[in-house]
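Here is a short report on salt bridges. Look at the sequence and structure first, then read on.

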Amino acid sequence: MFETVKYLIGSVGPSGYGSKSTAEQVTENCHHLRSVTALITGATSGIGAETARVLAMRGARLILPARSLKAAEEAKAQILAEFPDSEIVVMALDLSSLSSVRQFVSEFESLHLPLNLLVNNAGKFAHDYAISEDGIEMTFATNYLGHFLLTKLLMKKMKETAKITGIQGRIVNVSSGIHSWFSGDLISYLNLITKDKSHYDPTRAYAVSKLANVLHTKALALKFKEIDANVTVNCVHPGIVRTRLTREREGFVTDLVFFLASKLLKTIPQAAATTCFVATHPKLQNVSGKYFSDCNEASPSKLGTNPNEATRLWSVSEIMISRGSKEIFDHPINGLY
């Protein structure tokens, strides 16, 4: 109850910011961004678009990958209209397709640009059941596995950039407090819904993908430490906000729910604040493997803090991106599934 009251009144935490802080406010003193190149997925609308806008305002060069180049060009035009000196590169990327992720990384590397900041923001809430071209349930494929491969392929670039520039690299995984709604066996459930759509529940599937984002953060932070890379990885819960994520569920019921919950909703600028804070603020130098909400460190679910589950998910993900889902689900591997 006390935490809810603090949230509603926007009480600030140890960081000096709280639930009512905006992305512009938390980046006011981030002048170093003029030497930063940032890659933001899902930047054509909602939280991602505001994150991109504010980082451009602070001088960062932007890489905006998107499934729809038209939408990405429109997002670029909107930023340039406000900040004409911004440098923005638009590229094609479909996170639900592993081949598209590989193609994107190949094209990005051909540009010979540095990469200081990676914001894994793109998200999908699939009301209708679907399987990706790689045989993975679509929500998981888009929200987690595509970002897993993207990040893995960009690790070397980020390590090199941090070493050459002397600027600590940062990765921000945008998760959700909904990750705590799932407490079972993630891999077993993914297998279940991949093979049989009768077990599919869109909210549960979304929670699984967001739990995977949290676990990915823990494992990735350790991986960077093992290779002695000056790169941090953290995870954020942006808060409750109505974005295009709910576009497949528009209608009277959705409108009613959001109206009743309106006092708990954040504006888009407020929702982007935690992402921008974690991505840029000097206070988070050398902070890695943590979970943030309302611009302050918070605690994820018990399962989200389990190092064994983080390691297990990483191992399963490696197999999925290299040999496909059938290797995991049709030929169970001892200790993994």
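Is Glu87 buried, partly exposed or exposed? At 41% relative accessibility, Glu87 is partly exposed. Buried means under 20% relative accessible area, exposed over 50%, and partly exposed in between (1.4 Å probe, protein chains only).

This is a predicted model, where local features need pLDDT of at least 70, side-chain atom pairs count only at pLDDT 80 or more, and totals for chains, interfaces and linings use all residues. Residues are numbered from 1 along each chain as its sequence is written, and side-chain values use heavy atoms, with hydrogens and water left out.

**Salt bridges**

The structure holds eight salt bridges. Each is a side-chain nitrogen of Lys or Arg within 4 Å of a carboxyl oxygen of Asp or Glu. The table gives some of them.

| Pair | Closest N and O atoms |
|---|---|
| Arg61 and Glu87 | 3.0 Å |
| Asp185 and Arg312 | 3.1 Å |

Arg61 pairs with Glu87. Arg61 lies in strand β2 (residues 61-66), and Glu87 in the loop between α4 (69-82) and β3 (88-92), so the pair ties together parts 26 residues apart in sequence. Helices (H or I, at least four residues) and strands (E, at least two) are DSSP runs, numbered from the N terminus. Arg61 is partly exposed, at 22%.

Asp185 bridges to Arg312. Asp185 sits in the loop between β5 (169-174) and α7 (186-195), and Arg312 in helix α12 (residues 307-323), so this pair links parts 127 residues apart in sequence. Asp185 is partly exposed, at 34%. Arg312 is buried, at 11%.
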